[in-house]
Amino acid sequence: MESWINQPGHPLISVTKKNNSLYLTQQRLNSSQKSICKIPLTIETNSNKIKILLDKKIQTIQLKKNIEWFKLNENQKGFYRTKYEKEN
């Protein structure tokens, strides 16, 4: 948590789905800092839950086949914002 609690702004995670992969990108919202945070994520899908630590600026997550929907920040427990593409 020290990686982001003492920095201005809060994490924004942009997510893009292509085929069976999620592409996650993080940045600081309302801040010009380029710092990278270690953010624990839970990704809920129609078939399972995936728990990861997002510790890079860009990270790829492989999904099971036939995923109909997905949602980051299950039950809004994480302290970050999520930005989805219009298609998702």
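Visitor: Before we look at the model, what counts as a pocket, and what volume does the largest pocket have?

Guide: A pocket is an open set of grid points where a 1.4 Å probe fits, with protein on both sides within 12 Å along at least five of seven lines. In this predicted model, the largest pocket is lined by 13 residues, of which Pro 40, Thr 42, Asn 73, Lys 77 and Gly 78 lie nearest its centre. Its volume is about 260 Å³.

Visitor: Which strand gives the largest share of the lining of the largest pocket?

Guide: By class, the lining has 7 nonpolar, 3 polar and 3 charged residues. The largest share, 4 residues, comes from residues 39–45, that is, from strand β3.

Visitor: Which residue forms a salt bridge with Lys 49?

Guide: The structure holds 1 salt bridge, and the closest N and O atoms of the pair are 2.5 Å apart. The pair links distant parts of the chain, with Lys 49 in strand β4 and its partner in the loop between β6 and β7, 25 residues apart.

Visitor: Is Gln 26 buried or exposed?

Guide: Gln 26, found in strand β2, touches residues including Leu 12, Ile 36, Cys 37 and Leu 54, and a polar atom of its side chain lies 3.1 Å from the backbone oxygen of Lys 56. Because its relative accessibility is 1% and the cut-off is under 20%, Gln 26 counts as buried.

Methods
Residues are numbered from 1 along each chain as its sequence is written. This is a predicted model: local features need pLDDT of at least 70, side-chain atom pairs count only at pLDDT 80 or more; totals for chains, interfaces and linings use all residues. Side-chain values use heavy atoms; hydrogens and water are left out. A salt bridge is a side-chain nitrogen of Lys or Arg within 4 Å of a carboxyl oxygen of Asp or Glu. Helices (H or I, at least four residues) and strands (E, at least two) are DSSP runs, numbered from the N terminus. On a 1 Å grid over the protein atoms alone, a cavity is a set of points where a 1.4 Å probe fits but cannot get out, and a pocket is an open set with protein on both sides within 12 Å along at least five of seven lines; lining residues have an atom within 4 Å of a point. Grid points are joined across faces, edges and corners, and a volume is the space filled by probe spheres set on the points. Ala, Val, Leu, Ile, Met, Phe, Trp, Tyr, Cys and Pro count as nonpolar, Asp, Glu, Lys and Arg as charged, and the others, Gly among them, as polar. Buried means under 20% relative accessible area, exposed over 50%, partly exposed in between (1.4 Å probe, protein chains only). A polar contact is a pair of N or O atoms within 3.5 Å; within protein, one must be able to donate a hydrogen and the other to accept it, and residues adjacent in sequence count only if both atoms are side-chain atoms. Contact means heavy atoms within 4.5 Å. Lists of a residue's contacts leave out its neighbours within four places in sequence.
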